[in-house]
Amino acid sequence: MRNYDKRNLFFDELHNQKDLKWLGQNTNHMRSHEYVISEMIKSIKSEEYHSYAPPLGLEELRKLVRNHLGLSNLVSLITDGAVSGLYHICKELCSSGDQLLTTDPTWSWPIHFAQSTGAEVVQIPIYGKEYDYTLSPNRLKEYVTEKTKLIYLVDPNNPLGTCFTKGQILDIIEIAKENNIIIIHDCTYKDFADDHTLIANYYPNNTITVWSFSKWLGLAGLRIGAIITSEKIMDIIGQYPPNILGSNIVAQRGAIAGLNIKDEWFPEVFKTQRENQKNVYEFINNTEDFEIPIYPSNGNFVFIEINDPEITPEAISTCYAEHKILVRQGNYHTKKFGNKFIKVSLSVPKEWADEFLYLFPTIILKARNKSEIFQLF
Ligand SMILES: Cc1ncc(COP(=O)(O)O)c(C=O)c1O
């Protein structure tokens with residue numbers, strides 16, 4: 001069987017396990033606000049889905065997104081999830097001879113998108129206490145060359161949960177400015193951060209902000225996200241976006257409703273996931289050979305470092321899968337550091353996080369002797 005078919009079967013089987021606990025993809029499994037559900041049902045019942053949505057998104061949503069992020073002076077494009085925006089940016093802006101700089105670990109799909117255009121991708125290692133699990137502007141500077149066209153920053157970082165300070169952001173912008181580099185600021189997890197600074201506020205002409213409705217609003221399966229950037233950049237990427245026939249109309253109605261009730265609904269989601277983080281942190285840090293180096297995480301997840309050479313992340317993920325719990329092996333994010341950690345998503349009901357913890361001692365015993373490992377993706 002081809003690898004792409006194996007990967008598809010893997011996720012198909014996950015979807016068909018109706019009682020699976022999704023602690024692996026940073027999705028949000030809290031109950032949606034009734035208003036969001038009812039607006040989507042209204043859209044379906046009115047059968048407005050027979051027609052295509054506007055190419056850049058419903059004007060109401062485009063505007064809400066800009067205003068919500070405080071970027072009303074820029075231009076927005078509604079995408080089929082953040083990932084399709086990233087795909088499009090890489091295809092339009094990268095080509096052979098260009099270099100894209102990013103971190104290791106990072107969210108790795110854009111690496112493949114950029115490489116498929118012939119561009120070179122250079123990853124700056126940030127995993128480890130020696131780097132504070134973040135990218136210092138000085139280290140970024142060392143890596144910039146005249147070929148560097150783009151910097152892709154996941155902030156808060158997935159899988160590390162670190163978030164740039166305003167000081168770091170301003171220094172990074174100085175480097176980008178000096179070298180005329182475009183920054184792709186992937187802010188998919190910004191809503192889970194204590195204090196997040198948008199690069200576009202200080203470097204509006206050359207920043208592409210990427211945002212998602214999958215994580216904070218919990219619409220992952222509906223595929224909806226956004227790009228916000230300057231007219232100069234939108235002139236390039238806004239002409240022929242891949243969803244020129246418009247993004248999912250039902251999802252757009254849900255996103256509008258979500259933004260309208262965010263202040264009322266989201267604080268409880270934030271609180272629950274932080275409580276889950278706290279419980280997981282306290283438990284794991286009292287377990288020999290395991291550690292959570294970044295706490296609290298500014299994402300809706302934590303990574304757990306494994307300091308027992310006899311236990312692999314793959315064995316842990318496999319053992320949890322046998323209990324219908326999905327947690328992610330580090331290799332999904334990074335080949336270089338992936339053998340050191342697993343990642344656990346915590347924007348989930350408390351009972352799910354509790355079950356993860358309840359099983360943890362048994363799982364690590366089993367994982368130590370596990371010989372048959374599933375192929376994981
Ligand atoms: C950093 C980052 N960017 C983008 C995405 C994809 O977001 P979306 O579901 O909106 O396509 C993810 C999903 O995990 C992510 O971690």
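Figure 1. A polar backbone atom of Ala82 lies 2.6 Å from an oxygen atom of the ligand. Tyr189 places a polar side-chain atom 2.6 Å from a ligand oxygen, and for a polar side-chain atom of Ser212 the distance to an oxygen of the ligand is 2.7 Å. Taken alone, the ligand exposes 390 Å², of which the protein buries 93%. A polar contact is a pair of N or O atoms within 3.5 Å; within protein, one atom must be able to donate a hydrogen and the other to accept it, and residues adjacent in sequence count only if both atoms are side-chain atoms. Accessible areas come from the Shrake-Rupley method with a 1.4 Å probe; for residues, only the protein chains shown count as cover. The model is predicted: local features need pLDDT of at least 70, side-chain atom pairs count only at pLDDT 80 or more, and totals for chains, interfaces and linings use all residues. Residues are numbered from 1 along each chain as its sequence is written, and side-chain values use heavy atoms, with hydrogens and water left out.

**Figure 2. The shell around the ligand.** There are 13 residues around the ligand (a heavy atom within 4 Å of it). Ala82, Tyr189, Ser212, Ser214 and Arg223 come nearest. By class, the shell has five nonpolar, five polar and three charged residues. Here Ala, Val, Leu, Ile, Met, Phe, Trp, Tyr, Cys and Pro count as nonpolar, Asp, Glu, Lys and Arg as charged, and the others, Gly among them, as polar. Helix H4 (residues 81-93) gives the most to this shell, with three residues. Helices (H or I, at least four residues) and strands (E, at least two) are DSSP runs, numbered from the N terminus.

**Figure 3. The open sheet of seven strands.** Its order is S2-S8-S7-S6-S5-S3-S4, and the pairing is mixed. Strand S2 (75-79) and strand S4 (120-125) are the edge strands, each pairing on one side only. From one strand to the next, the twist averages 20°. Two strands pair if DSSP finds at least two bridges between them. Strand S5 (residues 148-154) and strand S6 (residues 182-186) run parallel and are joined by five bridges; Leu150 stands opposite Ile182 in S6. H4 packs on this sheet, touching S2, S5, S6, strand S7 (207-212) and strand S8 (225-229). The direction of H4 makes about 155° with that of S7. Contact means heavy atoms within 4.5 Å; axes are lines fitted to C-alpha atoms, for helices over the stretch in contact, and angles run from 0 to 180 degrees between N-to-C directions.

**Figure 4. The open sheet of four strands.** The strands follow the order S9-S10-S13-S12, with antiparallel pairing. At the edges are strand S9 (290-291) and strand S12 (328-329), each of which pairs on one side only. Two bridges pair S9 with strand S10 (residues 301-306) in the antiparallel sense, and Glu291 stands opposite Glu305 in S10. Helix H9 (residues 249-285) packs on the sheet and touches S9 and S10; its direction makes about 10° with that of S10.

Figure 5. The peptide bond from Asp104 to Pro105 is cis, with omega near 5°. Pro105 belongs to the loop between strand S3 (99-104) and helix H5 (109-115). Another cis peptide bond joins Tyr295 and Pro296, with omega about -5°; Pro296 is in the loop between S9 and S10. Glu47, a residue other than glycine, has a positive phi near 60°. Glu47 sits in the loop between helix H2 (34-45) and helix H3 (59-69).
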